[in-house]
Amino acid sequence: MSARKPYVRPMAGWWRRDPFFVEYMVHEGTAFFVWLYALELLAGVLCLAQGKAAWDAYRAFVASVPLLILNAAIFAMMLYHGYTWFKIMPRTLPPMKVGGKRVAGATITALGLGGALVASVLLFGIVWMLTSGGAQ
Amino acid sequence: MNQALKRSHEPIFWLLFGAGGMLAALIGAMLVLITAFAVPLGLLPADAFSYANMLAFAQNLFGKAFILAVVALFFWHAVHRIFHSLHDVGIHAGTGARVLCYGTALAGTLLTVWALWTIGF
């Protein structure tokens, strides 16, 4: 009697088989860059607590070429995270109804992306006012 | 009825994941632009992130709340997503992986609180 050798589909590299899965892995992968950015900001607030010398060293570090390259990657992944976050939102949100009619997925995505644009412009405006003398 | 049904911790972590994900989706990219590129690009004045400016911001209660919200929620969002993706890359996520993932978020949160406390009011 021979031992059964059932075929087990290998799972290594499963996500490379289908563009849909590749996109899934990339948008899940944005989390690593969000984590890196949180770490970068944490380093900043820790340096700020240490005093002026540590803070100035931190700002010089952030302005260095390797960090500029890293931050460019983080920026791109943050943008992609925002895009996929709102693209998926029609499926992660409970069904939304307005006037008895279900809100279309495309509407939710558009509202989310529009909200992100408004929030980002508002944030930059506040920072600009705080730093450029608008509020002084 | 099954009295032994255990309450799951998952909603708490999912809520932190969702809040961080929403915050990152709304302002994440703009924050990177502001903290890393605005000064070199000349969008903000050279002294925008001077020690005096940042100290004043971090001593302000709104500033403290903003810094804590961004750092902590970004961490909790990221680790939750990374933890749940471990399975997808063939890593069986057990207690060790859980502690390693969520531990960095907890440490990051506590360190931020400590730093903001040290900076004072």
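The second largest pocket of this predicted model has a volume of about 460 Å³, and 19 residues line this pocket. The largest pocket, for its part, holds about 730 Å³ of space and has a lining of 30 residues.

**Second largest pocket**

- Among the lining residues of the second largest pocket, those that lie nearest its centre are W85(A), I88(A), M89(A) and T92(A) from chain A, together with R81(B) from chain B.
- The element that gives the most to the lining of the second largest pocket is α3(A), which supplies seven residues.
- Sorted by class, the lining of the second largest pocket is made up of ten nonpolar, five charged and four polar residues.

**Largest pocket**

- About 730 Å³ of space lies in the largest pocket, and the lining residues closest to its centre are F49(B), M54(B), F57(B), F66(B) and I67(B).
- Two or more residues of the lining of the largest pocket come from each of α1 (19–50), α2 (52–62) and α4 (105–131) in chain A, as well as from each of α1 (10–37), α2 (51–59) and α3 (61–85) in chain B.
- With six residues, α3(B) is the element that gives the most to the lining of the largest pocket.
- The residues that line the largest pocket comprise 21 nonpolar, seven polar and two charged ones.

Terms used:
Residues numbered from 1 in each chain as written. Chains lettered and ligands numbered in written order. Predicted model: local features only at pLDDT ≥ 70, side-chain atom pairs only at ≥ 80, totals over all residues. Heavy atoms only, no water. 1 Å grid on protein atoms, 1.4 Å probe; cavity = no way out; pocket = protein on both sides within 12 Å on 5 of 7 lines; lining within 4 Å. Points joined across faces, edges and corners; volume = space filled by probe spheres on them. Helix = DSSP H or I, 4+ residues; strand = E, 2+ residues; numbered from the N terminus. Nonpolar A, V, L, I, M, F, W, Y, C, P; charged D, E, K, R; others polar.
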